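Please look through the sequence and the model shown here before reading on. The report that follows describes how some of the parts are arranged.

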Amino acid sequence: MRAALAIARQGLERDEVPVGAVVVMDDEVIGAGYNQPIGTHDPTAHAEIVAMRAAAARLGNYRLSGATLYVTIEPCMMCVGAMVHARLARLVYGASEPKAGAVESTQRAHEHPALNHRIEVTGGVLAEECRDVMQAFFKSRRQEAEGRRQE
């Protein structure tokens, strides 16, 4: 998770929402990514998707069987769907995402009975640190907006 947090901070430096993700297989990081929909003009460029794309390219296979994805924030519905299609073995995430999290907060999308693959899930890993990064980002954004309103 610490590697995912470091990647999240790269996104923060680029004014993206600071979410980071790494894909690990056999104790080796095979893909990494941070949120980048703003900079890439791509609504699917969430950290999880970017990391899985990198891992799949490295392996030469879109199936990531046996891999674990570590991400700083609970994934959304789109990302959970991609994880199922990639056949990830395990998801480990940091902080919950009460508005859009699709693993525990708004639904348990990975457990839908129609899905043909199950992902083992562990949540709350370094949750406070992951939450702090996000909260600091949004606090800064609110302060910037307030400063512009006062000008």
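In which sense do β1 and β3 pair, and over how many bridges? β1 and β3 pair in the antiparallel sense, over four bridges, where pairing requires that DSSP finds at least two bridges between two strands.

## Basis of the model

This is a predicted model, in which local features need pLDDT of at least 70 and side-chain atom pairs count only at pLDDT 80 or more, while totals for chains, interfaces and linings use all residues. Residues are numbered from 1 along each chain as its sequence is written, and side-chain values use heavy atoms, with hydrogens and water left out.

Helices (H or I, at least four residues) and strands (E, at least two) are DSSP runs, numbered from the N terminus.

## The strands

Strand β1 (residues 20-25) is also joined to strand β2 (residues 28-34) by six bridges, and these two strands run antiparallel. They form a hairpin with two residues between them, and D26 in the turn has a positive phi of about 50°. V22 stands opposite A32 in β2 and opposite Y70 in β3.

β3 pairs with β4 in the parallel sense over five bridges, and here I73 stands opposite A95 in β4.

## Helix α5 and its cover

Helix α5 (residues 127-150) has 24 residues and reaches 35 Å from its first C-alpha to its last, close to the 34 Å expected at 1.5 Å a residue, the expected span being 1.5 Å times one less than the number of residues.

The buried residues of α5 (buried means under 20% relative accessible area, with a 1.4 Å probe and protein chains only) are A127, C130, V133, M134 and F137. What covers them includes α1 (2-13), β3 (68-73) and β4 (90-95). β3 is itself mostly covered, with five of its six residues buried.

Key. Buried means under 20% relative accessible area, exposed over 50%, partly exposed in between (1.4 Å probe, protein chains only). Contact means heavy atoms within 4.5 Å.
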